[in-house]
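This report goes through selected parts of one protein model in plain terms. Please look over the sequence and the structure first.

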Amino acid sequence: MPARYCEVALPVPLRSTFTYVLPASLDAKLDGQPLVGRRVVVPFRRRAMIGVVLAESAKPPNIGRGVSAGGPAAAAAAPAIREIAEVMDLLPALPAKLLELGEWISRYYLAPIGETFRAMLPPEVEVRHEREYSLTDAGRAYLDDIAQRLTLADAERAEAELLRRFDDAHASDAASESRAPGRRKRVDEAAAETLVRRGYLTARDILRHRETRKQKIVAWLPEASERPFGQPEKRVREVLRDAGVPLPLEMLLEKAAVTPLVVKRLESAGMVLTWEEPIVPGEDPWDTDFTPPANVLNAEQNAALADIWRWLVAGKFAAGLLHGVTGSGKTEVYLGAIEATLSRGKSAIVLVPEIALTLWVGRLVRARFGEHVAVLHSGLQDTERAREWWRVRHGEARIVVGTRSAIFAPLENLGLIIVDEEQESSYKQEETPRYNGRDTAVYRARLEGAVALLGSATPSLETYHNALAGKYQLLQLTSRVENRPLAAVRIVDLREEFRRQHRATPVSESLRAAIALRLEEKTQAMVLINRRGYSWSLMCRGCGALVQCENCSIALTYHKNRQRLECHYCGYSIRPPKQCPKCNSEYMYYVGDGAERVEEYLHEQFPAARIARLDRDTVRTKREYQQVLGAFAKGEIDILVGTQMVAKGHDFQRVTLVGVVAADLALGRPDFRAAEKTFQLLTQVAGRAGRGELSGEVLVETYYPEHYAIQYAAQQDYVSFYEKEAQFRRLLHYPPFTALASVLVRDRKMENAIRWSRALAGYFAPFEERGVKILGPAAAPLARLRRDYRFQFVLKSPNRAILGKALAGALDFCAAKQFPETAVIVDVDPTSLS
Ligand code: ADP
Ligand code: ZN
Ligand code: ZN
């Protein structure tokens, strides 16, 4: 039998795969089945790791390709190929199309192949990582030495005790200890690691299989010829036949009122079949008492759906943009498209930008399509996510609703991918692999010959540009359902307010009055403030400095309920200092009102009102989201204050006022998407008002009322905004008119970051002549983050292929120069340049 060599992608930040060979013992078990797409356990350095097989061949790599020319010396120098320790899945975890998708992501986004595939694989719930220690010769010598001594310090005694636990000579003691009722104490890892560093212990990581609780399942064998048997056996047959499906043993015994012996007898007579299955926790019952609205589609919805039907019937790749104003009923079009997809025997993915929205959309989809729906997002526990993932892989769920990473759902026969609110920056992953879920969706649809449907009221410049260029087909919903009017938007000029009031309050007088009116009318209000915390920062009046994070070049945010100043980037936090850390002045004051302060102010103003806040400080789990949003939907809350979390998607019928506090926050940032983001946020949030039968009003507070992003948002005029913004982008060479990438160089030591940046600048220089514009290296907008100094290049080119070459070459260059793997970060199509 020829040997089987495998290319395995491992979750390490390296751009290569690794070769392993399948040992004969495992090969025999596999019975000739292919390994590609399967997860395997392999030794890597001193660890065991789970990877996925990308390719298989009968020849070891590079043999016959010039190695022999080097003679035996070269062959001997080649490291031995290590063996696969275990093959994990009966069914390959990743189907072929997903392997192809992963390769594309790795290539297009210049992401390490192993880390890309790790993002695509199910959570490793079957195994747990453990560290195993053993005593070295030096450790044994040290123990002997200590045994000679008469007096020992406490620390030495503790060390010796720990070392002895790994001494084989005392293994019998250890074994008897472990049988003692108390069981062996867990090893203190920190102490053990210290001894590893001193050379007394060695450590290696191993993978242990987790014990999953299993249950026995019993099935009646239909083809079994019936033999005469007694009453108990007959009852087992009745119960299994009535159920129509195999049953867990426990349940069967109870229902048939028989003893296990009866089942054993039937089994040995070949009448039933039994096997073991892991016990899965029960379904989450949150959506049991929900009846979806029964809507009859209007003309525009029908027209859009008819087009989508046509694409589905053609059975080829197509991409469409569903541009529908807020409240135009895009969700109904999605549901219709899913129905059409299922009716053609295909499966569908629905991506939403927020975990909270998986609940709303998931509920609608589940109400319509029942058990065929799986929900996937990062807020699930690993076991829960693994269960959903495998349900999809086994074809039990044919619709997946989820956030960004659900684009990797292992569905086969995919017919439709919907990306709701396609413009959202949450579709971009800001860690390796830095992919955009929306663009990956379009690529996956292309691979699978499926339809990609991007939906939005405020499409990203890129997507609208593609639609105008004819790359995507444009579907439009121009009016709200039942011709409900769009909410009226009023701009509150804060300069004017200040002139009249001579003071700045957390919420303007106009907004306060508008809220008071809603409380009187007994309708609901939402207040959006896109800043967490109580105050944006703490400032010294003596020297003007803001209290900064120790690890990042960013001012700390004050959280009053926790009495802390916190960094929203790295989590660093301190008690608010009484004196300035720079000049010792005692005159410290808080600047800028955040969501916590706005909520407090509203409590002061409206003591009888029921007020809740929704942001990452008040809700952390899916249940908490549900509680707050559920209470608001039921009318148990009068005013909901929140960050942009409240702006998206939700459909509240009794909201008649939306106030936006500090609407222009983003406009002050050095970000080429600032205007776009402001326009989107304001339009989205305006879309939350007046969705039911009551009409709505939106108040937007700003210091720049004349800015075009604010003006066009107030008029809810997307096309005019697009045209104006597109002019700027074209002039300044930004997407969608040029391809953009950023390259960040970072290190704890500033000298290193500078040195490596300079070297890279030298590498990039020749690409200027090939049409790549190179800006930098310059200090990144966040010049220091989590203790790293950061320098940045921005690369632009109308030619994506050359830009890609420059970037791939840069990574090779860094590898050749032996810059650390984590020092250089390439971001292709970045959503922000910080
Ligand atoms: P959006 O386009 O903002 O995503 P939704 O899909 O949330 O809008 O729909 C807004 C509201 O309109 C929902 O309450 C939905 O049930 C309702 N709706 C959708 N289609 C119709 C229709 N054809 N007739 C009446 N109501 C509808
Ligand atoms: Zn000071
Ligand atoms: Zn920080």
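## Helix 11

In helix 11 (residues 260-268), the buried residues are Val262, Val263 and Leu266. Their directions from the axis of helix 11 fall within an arc of 95°, so these residues line one face of the helix; the arc is taken over the directions from the helix axis to the C-beta atoms. Leu261, Lys264 and Ser268 are exposed on the other side of helix 11. Here buried stands for under 20% relative accessible area, exposed for over 50%, and partly exposed for what lies in between (1.4 Å probe, protein chains only). After helix 11 comes Gly270, with a positive phi near 75°.

The model is predicted: local features need pLDDT of at least 70 and side-chain atom pairs count only at pLDDT 80 or more, while totals for chains, interfaces and linings use all residues. Residues are numbered from 1 along each chain as its sequence is written, chains are lettered from A and ligands numbered from 1 in the order in which they are written, and side-chain values use heavy atoms, with hydrogens and water left out. Helices (H or I, at least four residues) and strands (E, at least two) are DSSP runs, numbered from the N terminus.

Seven strands make up an open sheet in the order 14-15-13-16-17-12-18, and the pairing is parallel. Two strands are said to pair if DSSP finds at least two bridges between them. Strand 14 (373-376) and strand 18 (473-477) are the edge strands, each pairing on one side only. On average, neighbouring strands of this sheet are turned by 15° against each other, direction ignored.

Two helices are described against this sheet. Helix 12 (residues 299-314) packs on the sheet and touches strand 12 (318-324), strand 16, strand 17 (451-456) and strand 18; the direction of helix 12 makes about 155° with that of strand 18. Helix 13 (residues 330-343) lies across strand 12, strand 13, strand 15, strand 16, strand 17 and strand 18, and runs at about 170° to strand 16. Axes are lines fitted to C-alpha atoms, for helices over the stretch in contact, and angles run from 0 to 180 degrees between N-to-C directions.

Strand 13 (residues 347-351) is mostly covered, with five of its five residues buried. In a regular strand, side chains alternate between the two faces of the sheet. The table lists two parallel pairings of strand 13.

| Partner of strand 13 | Bridges | Facing residues |
|---|---|---|
| Strand 16 (residues 414-420) | five bridges | Ala348 and Leu416 |
| Strand 15 (residues 399-402) | four bridges | Val350 and Val401 |

Another open sheet has four strands in the order 31-32-30-33, with antiparallel pairing. Strand 31 (773-785) and strand 33 (824-828) are at its edges with a single partner strand each, so one side of each has no neighbour in the sheet. From one strand to the next, the twist averages 20°. Five bridges join strand 30 (residues 739-747) to strand 33 in the antiparallel sense. Opposite Leu744 stands Ile825 in strand 33.

## Helix 9 against helix 10

Helix 9 (residues 231-243) packs against helix 10 (residues 249-256) at an angle of about 120°, and their axes are 9 Å apart. In this contact, Arg235, Val236, Val239 and Leu240 of helix 9 meet Leu252, Lys255 and Ala256 of helix 10. Contact means heavy atoms within 4.5 Å. The residues of the contact of helix 9 with helix 10 comprise five nonpolar, no polar and two charged. Ala, Val, Leu, Ile, Met, Phe, Trp, Tyr, Cys and Pro count as nonpolar, Asp, Glu, Lys and Arg as charged, and the others, Gly among them, as polar.

## Two single residues

Ser106 belongs to helix 3 (residues 96-108). Is Ser106 buried or exposed? Ser106 counts as buried, because its relative accessibility is 13%. Not counting residues up to four places away in sequence, Ser106 touches Ala111, Pro112, Ile113 and Thr116.

Gly199 sits in the loop between helix 8 (189-197) and strand 8 (201-209). With a relative accessible area of 30%, Gly199 is partly exposed. Leaving aside neighbours within four places in sequence, Gly199 is in contact with Thr136, Ala138 and Gly139. Gly199 and Gly139 are 60 residues apart in sequence, and their C-alpha atoms are 7.0 Å apart in space.
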